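Trainee: I would like to take a close look at a single part of this model and then see how that part sits in the whole. Could you go through it slowly with me?

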Amino acid sequence: MNDIRFAFRQLAKSPGFTVVALLTLAIGIGACTAIFTVVNGVLLRPLDFPEPSRLVRLYESRPPEFPQFSCSVGNFSDWQKQSTSFSSLAATYYSAFSLTGSGDPVRLNGQRVTTNYLSTLGARPALGRDFLPAEGAEGRGDVAILGEGLWSEQFGRRADIIGQVIHLDGNPVTIVGVMPWEFHGPAIMLPTAFTADNLANHGSHFMQVTGRLKPAVSVAQARAELAAIAGRLEKLYPVSNLRWTVLVKPMLEDMVGNVRPQLLALFAAVGFLLFIGCANVANLLLVRAAGRSREMAVRAAVGASRTRIVRQLLVENIVLAIMGGILGTVAAYWGLHLLLALSPYGVPRARELSVDRAALAFSFGVALLTGIGFGLAPAFQAARVDLNTVLKDAGRGSGEGRHRHRLRNTLVVAELTIAVILLVGAGLLMRSFIRLVRINPGFNAESAFMVNVTLPDKKYAKDEQAAGFAGQATEKLAQIPGVTFVGATQSMPFYDDYVLTFFKEGEKAEPGREPSANYYCVSPGYFKAMGIPLLKGREFTASDSSTAPRVAVVSAAMARRFYPNEDPIGKRINVTNPQGTWSEIVGVVGDVKQYGLNSEAPAANYEPLQQHPFQFLTFVLRTSGGAPGLSAAVRSAISSIDPDQPIDAVKPLTELVRDSVSRERFGMNLFLVFSGAALLLATIGIYGVMAYSVSQRTGEIGVRMALGAQPRDVLLMIVGQGAFLIAIGIGAGLVGSLILTRFMASMLYGVGAADPLTLAGAALTLALAAFAACLLSARRATLVQPMVALRGN
Amino acid sequence: MSQPLLKLDNVTKVFLTDEVETHALSGIHLEIKKGEYVAIAGPSGCGKSTLLSILGLLDTPTDGTYLLNERLVQGLTPAERARIRNREIGFIFQSFNLIGDLSVYENVELPLTYRGLPAADRRARVEEALEKVGMAHRAKHVPSQLSGGQQQRVAVARALAGAPAVLLADEPTGNLDSKNGDAVMELLQSLHRTGSTILMVTHDTRFARHADRTVHLFDGRVVEESVENKDMT
Ligand SMILES: Nc1ncnc2c1ncn2[C@@H]1O[C@H](COP(=O)(O)OP(=O)(O)O)[C@@H](O)[C@H]1O
Ligand SMILES: [Mg+2]
């Protein structure tokens with residue numbers, strides 16, 4: 001008890017040391033915990049299902065065009081019947097519904113699921129019940145399970161929602177369950193019923209398949225079995241199944257596989273930051289121990305046993321660590337908020353993030369161990385020290401052991417080294433990000449907006465109905481003040497995709513090896529609305545109607561790849577659509593990066609929407625510099641055509657582009673936080689060492705000044721000492737960066753891992769911060785009064 | 001009669017710590033001529049070191065005037081004061097104050113380095129100074145390898161090397177045994193004989209006898225001046 005009270009008194013007696021130590025602990029523990037929380041919550045732990053290692057995703061594959069593709073109903077059903085590896089296999093597919101009955105119609109992004117979907121995952125509704133097998137029978141589809149979001153937004157989280165009837169696309173549907181929010185599922189799920197026609201179709205790929213392996217079955221076994229089944233199906237259905245194989249991927253790998261390098265980089269960064277924090281704490285304790293060797297000697301001289309002295313120091317360190325831990329916890333909460341604020345569009349599942357206790361305990365534990373470790377060694381040393389040598393007046397500047405001096409310098413150099421590496425990492429991601437967002441997507445996102453409309457099957461079953469709606473809607477939307485061009489498409493870049501095989505006239509493709517390209521059905525105004533340039537020929541016009549000759553426009557990439565030495569204009573292609581008619585190519589337009597900024601623009605075929613109508617449409621509106629009240633105007637334009645027709649939110653295309661790089665932005669922000677914390681800690685570290693050195697050298701500095709040293713001489717001496725450490729640290733950091741950042745290569749775009757500008761920038765940033773810290777200590781040195789030379793120590 | 005080298009007129013020094021005023025010096029008049037060897041004696045705490053620090057431009061008086069070489073040194077900037085310390089004053093401290101990380105040679109060279117002398121010049125002067133104190137053979141040693149007496153001789157060499165106008169010594173024998181103390185006193189006497197002006201603080205009247213005259217301080221005031229029975233010119 002006495003020890004604890006004394007510990008507090010000691011800490012209060014040297015507020016500088018205490019504040020810096022607590023700050024270091026708070027930043028170290030806080031930043032590491034916050035970052036770990038985000039990494040863990042967002043990327044590492046995506047599966048909240050029982051026995052997640054048994055969950056797999058199944059894809060169909062026909063390389064090279066379709067390396068990983070959706071599954072067909074026919075194949076899914078055959079897998080289900082023939083395989084023995086799975087305790088259950090479930091399928092889902094996207095389906096939009098319009099919810100009517102209370103005010104404006106609402107468009108719901110839903111899913112059709114096989115009735116065993118939730119049980120395959122091991123998920124259960126929070127309210128109500130799962131689907132019953134009978135509800136998947138043909139002609140049913142009259143029950144639904146709500147997502148938590150929709151339950152909150154549309155139904156006020158009412159518990160009596162179970163058993164209520166709502167209207168989807170005009171059909172009555174009974175709600176039987178509500179999913180918990182941890183499920184992160186779609187707005188609404190309805191059971192799917194496969195018709196005989198569906199089951200016979202092996203060629204339309206549109207379903208996601210999830211399987212749960214039997215307990216003793218490995219992924220490899222399942223792969224082998226499905227490969228055999230796929231081989232049999234290929235013989236049975238040579239047209240639709242030629243060269244199609246099955247991919248079986250563990251679900252976790254399927255979800256986070258491509259972020260593995262990012263994860264590794266982040267973990268390395270967490271480790272590095274924790275190291276810097278601990279090095280700082282260690283250094284501070286070493287400094288403090290050195291400064292108190294006299295106190296220890298006096299204690300020993302008056303009869304304190306070594307264990308007594310060690311215990312005292314231990315208590316002090318633990319008190320310090322606990323206070324630091326408390327501040328670190330506060331900092332972790334604050335840091336988490338900061339991280340989330342930095343990535344408003346980038347963090348999925350942000351809502352469920354809360355400071356990870358395990359991470360907090362881990363960082364705290366490491367800090368505590370460092371405190372004890374680095375606190376004890378000097379304590380033992382001090383307790384063992386030769387009383388005489390300490391109490392005797394030692395010569396100027398030769399006060400303490402050289403090796404402790406060296407250990408401190410080494411720790412600071414290591415901190416600087418690591419800070420450089422983190423800064424280089426952050427710099428590379430930043431440069432790469434800037435490059436990325438400067439890439440031209442092939443369309444002009446500025447001042448353009450999009451809105452999705454999905455027409456219900458029943459009401460718009462006929463092509464003329466859908467085409468009529470699209471035509472009317474483009475006209476109405478074009479009348480909105482401020483809107484300059486309106487276009488419609490069934491497939492939107494950066495949003496969804498639609499790939500179809502096609503035939504070139506006069507060329508025979510081997511069955512199963514037909515070329516494929518992205519396929520867009522667009523209205524005449526689409527290219528202008530999107531800002532996609534016309535390179536050759538003409539765009540579509542109103543006269544390219546359903547009765548007019550079929551025409552097509554191709555992208556530059558399409559022209560390059562499939563008409564390398566000829567003019568595509570006037571040539572004919574046949575896209576495998578129901579009509580199966582030949583279309584004459586009348587124009588060539590610029591390439592669009594369908595799959596994001598950091599992707600190759602694919603070959604693309606465009607055909608007039610009026611000749612090939614679709615029920616799911618995206619309207620693109622180009623405005624003359626923003627349009628206030630656009631959402632409301634769009635809503636009323638659509639409802640003037642069909643008052644029951646819901647629409648999605650009106651979304652700026654800039655947001656679409658921005659969202660497409662959210663992962664990159666998130667990674668960059670994390671690294672910025674890391675490197676910022678590292679910079680801060682390393683600067684504190686070098687300041688601590690320099691300030692301590694100055695305080696130890698006060699006598700020597702006084703003597704030098706008595707002998708006529710100018711303030712400038714003293715300044716240069718101290719700064720020189722610091723500059724030496726900084727130079728070594730930065731040099732080592734640059735070498736370390738060259739070695740380590742190579743592992744980041746896959747996260748970078750348009751900038752090499754050894755980018756000289758980034759390396760120079762990181763070195764300069766750290767040099768300036770560290771140098772400022774040195775200068776601060778050096779300035780204190782110049783304020784030493786030469787008088788101290790006359791006084792004893 | 002020639003002008004004094006150092007001249008204090010009505011010098012007062014008051015320290016303020018925790019709202020307690022300490023009158024370390026009150027109304028000091030003191031003149032020291034070129035070539036003189038003056039001892040300042042008095043009990044511990046009477047203000048000897050304070051007087052020396054003012055004379056050595058390590059500190060400034062609270063009141064009164066100080067003429068060094070007929071130049072008023074009040075109101076000089078810290079840089080100008082450093083320059084004067086470097087050229088005109090040589091310090092010898094009780095605890096030697098050699099810099100532990102530097103060799104004997106480098107310690108002696110230090111004031112010359114601060115003066116900006118070229119290396120060859122410095123070498124000649126350092127060697128000469130070390131020769132004078134009989135420490136030339138230890139030039140490459142570091143202070144911790146020397147005895148106390150040897151360290152103090154190196155400190156004297158350091159004070160001499162810059163050929164200052166006056167040597168200020170604060171209890172130079174205080175940390176030495178009597179044998180080593182005597183050797184250092186002999187060294188100072190021989191320097192005095194070759195023309196150095198020396199001002200030495202001591203509380204040991206035995207050593208004060210080596211000086212031409214002794215100024216006795218008590219409670220911050222000069223209480224007595226005694227002249228040794230030597231030839232005065
Ligand atoms: N920096 C200071 N602050 C406060 N008091 C001081 C300071 N330096 C000296 N003193 C006081 O001034 C008086 C004279 O001190 P000093 O000149 O060191 O005496 P001496 O050298 O004769 O032993 C003493 O009372 C001492 O406590
Ligand atoms: Mg004294």
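Trainee: Does A:Glu539 count as buried or exposed, and what is its relative accessible area?

Mentor: A:Glu539 is buried, with a relative accessible area of 14%, where buried means under 20%, exposed means over 50%, and partly exposed lies in between (1.4 Å probe, protein chains only). Before going further, keep in mind that this is a predicted model, in which local features need pLDDT of at least 70 and side-chain atom pairs count only at pLDDT 80 or more, while totals for chains, interfaces and linings use all residues. Residues are numbered from 1 along each chain as its sequence is written, chains are lettered from A and ligands numbered from 1 in the order in which they are written, and side-chain values use heavy atoms, with hydrogens and water left out.

The side chain of A:Glu539 meets that of A:Lys528 in a salt bridge, at 3.6 Å from N to O; a salt bridge is a side-chain nitrogen of Lys or Arg within 4 Å of a carboxyl oxygen of Asp or Glu. This pair links distant parts of the chain, 11 residues apart, with A:Lys528 in helix 17 (residues 526-530) of chain A and A:Glu539 in the loop between strand 17 (534-537) and strand 18 (551-555) of chain A. Helices (H or I, at least four residues) and strands (E, at least two) are DSSP runs, numbered from the N terminus. While A:Glu539 is buried, A:Lys528 is partly exposed, at 43%.

Two other pairs can be set beside this one. A:Arg572 and A:Glu505 form a salt bridge whose closest N and O atoms are 3.1 Å apart, and this pair reaches across 67 residues, from strand 19 (residues 572-575) of chain A to the loop between strand 15 (499-504) and strand 16 (516-522) of chain A. Here A:Arg572 is partly exposed at 31%, and A:Glu505 is partly exposed at 42%. In chain B, the side chains of B:Arg122 and B:Glu109 meet at 2.9 Å, N to O, in a salt bridge, which joins helix 4 (residues 119-133) of chain B to helix 3 (residues 104-115) of chain B, the two residues being 13 apart. B:Arg122 counts as buried at 17%, and B:Glu109 counts as buried at 13%. Salt bridges that share partners also join A:Lys459, A:Asp642 and A:Asp644 into one network. Over all chains, the structure holds 28 salt bridges.

Between chain A and chain B, however, the count of salt bridges is 0. The two chains bury about 2100 Å² between them, 58% of it on carbon and sulfur atoms, where buried area is the accessible area (1.4 Å probe) that two parts lose on being put together, summed over both. On the side of chain A that touches chain B, helix 22 (residues 698-706) of chain A gives the most, with 5 residues. The contact (heavy atoms within 4.5 Å) takes 20 residues from chain A and 25 residues from chain B.

Stepping back to the whole of chain A, its secondary structure comes to 24 helices and 23 strands, and its C-alpha trace spans about 105 × 55 × 55 Å along its principal axes. Of the 793 residues in chain A, 53% are buried, and A:Glu539 has that label too.
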